[in-house]
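Visitor: Could you walk me through how the helices here are described, and on what grounds?
Guide: Gladly; let's have the picture in view.
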Amino acid sequence: MTEPVPKAKTGVTRRLSNALAAFLVVQSLAAVFFVGDVIGDLMADPGSIHFITEALVTLVLVMGVVFGAVALRRTVEQMRAQQTALAAASGALAQVIDRQFAAWGLTPAERDVGFLALKGLDVAEIAALREAAQGTVRAQLTRIYAKAGVSGRAQFAAFFVEDLLGQGLPVDPA
Amino acid sequence: MAAPFRTQADEAGAVQPVRLWDPVVRLTHWGIALVVLANAVLTEGGSRIHVWAGWAGLALLLLRLVWGLVGTAEARFSAFPPDPAAALRHLMLLARGRVEEHPGHNPAGAAMAYALWAMLAVLTASGIWMTGGKSPMQLDAQRAAVAAGDWSVMVAEDRDDDDKALGDAVEEVHEVAGNLILFLVLLHLGGVVAESRALRRNLVLPMLFGPRE
C-alpha cells in the first residue's frame, strides 16, 4: 500500500538524518579532543593568545554540537510527522474510496477491480493479478463505470482526485 | 500486535508507533560498545591507542548525554527516569515470561543504561587522571620530546609517596570499573536475549538498522 513517491521522500529524510548524526559524532570527537587540549594549555599557560584562540574555537565547536543535536532532533521529528500524516492520509483516502464503492453498490469483485484500476493497473495487469480473463475484467470495469455514472477510466479516477482537491462531489452515501 | 499475551498497549487501545532507534542513539551505542571491546580486549592499557580510544569513548558518552537532554522523545532522560523498583518489577515479570511493551527503554534497560553511563564516567575520569589530565595530542608531543632526548618533560611527573598511593588507588578504580563494565555488558546481552524471546521480536535489529520502512 506504500506509494512510491512519499516513500522515496521519507527515504531521503532518513538518509539526511543518518548523515547528520554521523556528522554530529565526528563533531563531538573533535570537540572533546579540543577541550582536552585547551584544559592542558590552561594549566600550562593561561592568558596566552594561543590559549584564548583555542578556547574560543572549542567553545564554538561545542555550541555547534548542541545546535546540531537540536537541529537533528527537529529533522527526525519532522520525518516521523511526515510518515504519520502520510499513513493517516492514505488510510483516510482508502476509507473514502471504500465508502463510495459501497454507495455505488459494487460487488466485492468489482471493488477489487476498481481499487486496482485506481492504482493505475491496466486491464492485462488486473487480469493477471486476479487470474481472470481480460474480457471478464473489461466487463467488470464497464459495470463499475456504469454504476459510478462516469464515462471511463479517466473520469473514474478524477472522481476521487477531485475530492482531494477540496471541491469534491458529496461523498456522503446518503 | 499478534502477541499471545496481553500488554498494556493492547488494553489502552491503539498503540502509538514508536520508531526505534534514532541515528544518534544507534551510533553512540555501537561506538561505545566498540571502544569498550577494543580497550578491554585488544589494546594494551596505557598504550597510545588505548588513550585515544578512551577519549573517543568519552566524546561518544558526552554526545549521548547531550542527546539525553535535547534529543528525540524516547532518547531523553525524562522518558526513562531511573527507577530501581520498576526495574526489579520488570525483571520479575521477565522471569515469568510476561513482559509489558514499553515504547522506548523498559525500566530494567533504563537502569542498565544509567549503570553503564556511570561506570563509563568513572572509567574515563580515572583514565584521564592516570595520564595526568593530558589530551592524547599532548601525550604524543611529550612522547616525541622524550624520544628526541629531551627528558625535562618527565621531571614534572615525579611525585612523592602520597601521590603515588593515590595514583595506585586510581589505577585500581580504573581496573575495577573496566571489569564491572564487562560484567554489565554480559548482563545487558542476557537481558536483550531474554526480552527478545519474551516479546517474540528481535530487539537487536532496531538498534542496528533503526525503524523499519
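Visitor: Which residues in H3(A) and H5(A) meet?
Guide: On the H3(A) side they are A:Ala109, A:Glu110, A:Val113, A:Gly114 and A:Ala117, and they meet A:Val137, A:Gln140, A:Leu141, A:Arg143, A:Ile144 and A:Lys147 in H5(A). Contact means heavy atoms within 4.5 Å. A word on the ground rules: this is a predicted model, where local features need pLDDT of at least 70 and side-chain atom pairs count only at pLDDT 80 or more, while totals for chains, interfaces and linings use all residues. Residues are numbered from 1 along each chain as its sequence is written, chains are lettered from A and ligands numbered from 1 in the order in which they are written, and side-chain values use heavy atoms, leaving out hydrogens and water.

Visitor: What makes H3(A) roughly perpendicular to H5(A)?
Guide: Helix H3 (residues 108–118) of chain A and helix H5 (residues 134–148) of chain A pack at an angle of about 90 degrees, with axes 10 Å apart. Angles of 65 to 115 degrees count as roughly perpendicular, and those over 145 as roughly antiparallel. That makes H3(A) roughly perpendicular to H5(A).

Visitor: Why are H2(B) and H3(B) called roughly antiparallel?
Guide: The axes of helix H2 (residues 23–42) of chain B and helix H3 (residues 48–70) of chain B cross at roughly 155 degrees and come within 9 Å. H2(B) and H3(B) are therefore roughly antiparallel to each other. Their contact divides into 10 nonpolar, six polar and one charged residue.

Visitor: How do you know that H3(B) is roughly antiparallel to H6(B) as well?
Guide: The axes of H3(B) and helix H6 (residues 136–147) of chain B cross at roughly 160 degrees and come within 10 Å. That makes H3(B) roughly antiparallel to H6(B). Among the residues making this contact are B:Trp52 and B:Trp55 of H3(B) and B:Asp140 and B:Arg143 of H6(B).

Visitor: What makes the span of H5(B) close to the expected one?
Guide: Helix H5 (residues 107–130) of chain B has 24 residues and reaches 35 Å from its first C-alpha to its last, close to the expected 34 Å. The expected span is 1.5 Å times one less than the number of residues.

Visitor: And what caps the N-terminal end of H5(B)?
Guide: B:Asn106 does, with a side-chain oxygen 2.9 Å from the backbone nitrogen of B:Ala108. Just after H5(B), B:Gly132 takes a positive phi of about 70 degrees.

Conventions:
Axes fitted to C-alpha atoms, helices over the stretch in contact; angles between N-to-C directions. Helix = DSSP H or I, 4+ residues; strand = E, 2+ residues; numbered from the N terminus. Parallel < 35°, antiparallel > 145°, perpendicular 65-115°, else oblique. Nonpolar A, V, L, I, M, F, W, Y, C, P; charged D, E, K, R; others polar. Polar contact = N/O pair within 3.5 Å; in protein donor to acceptor, adjacent residues only side chain to side chain.
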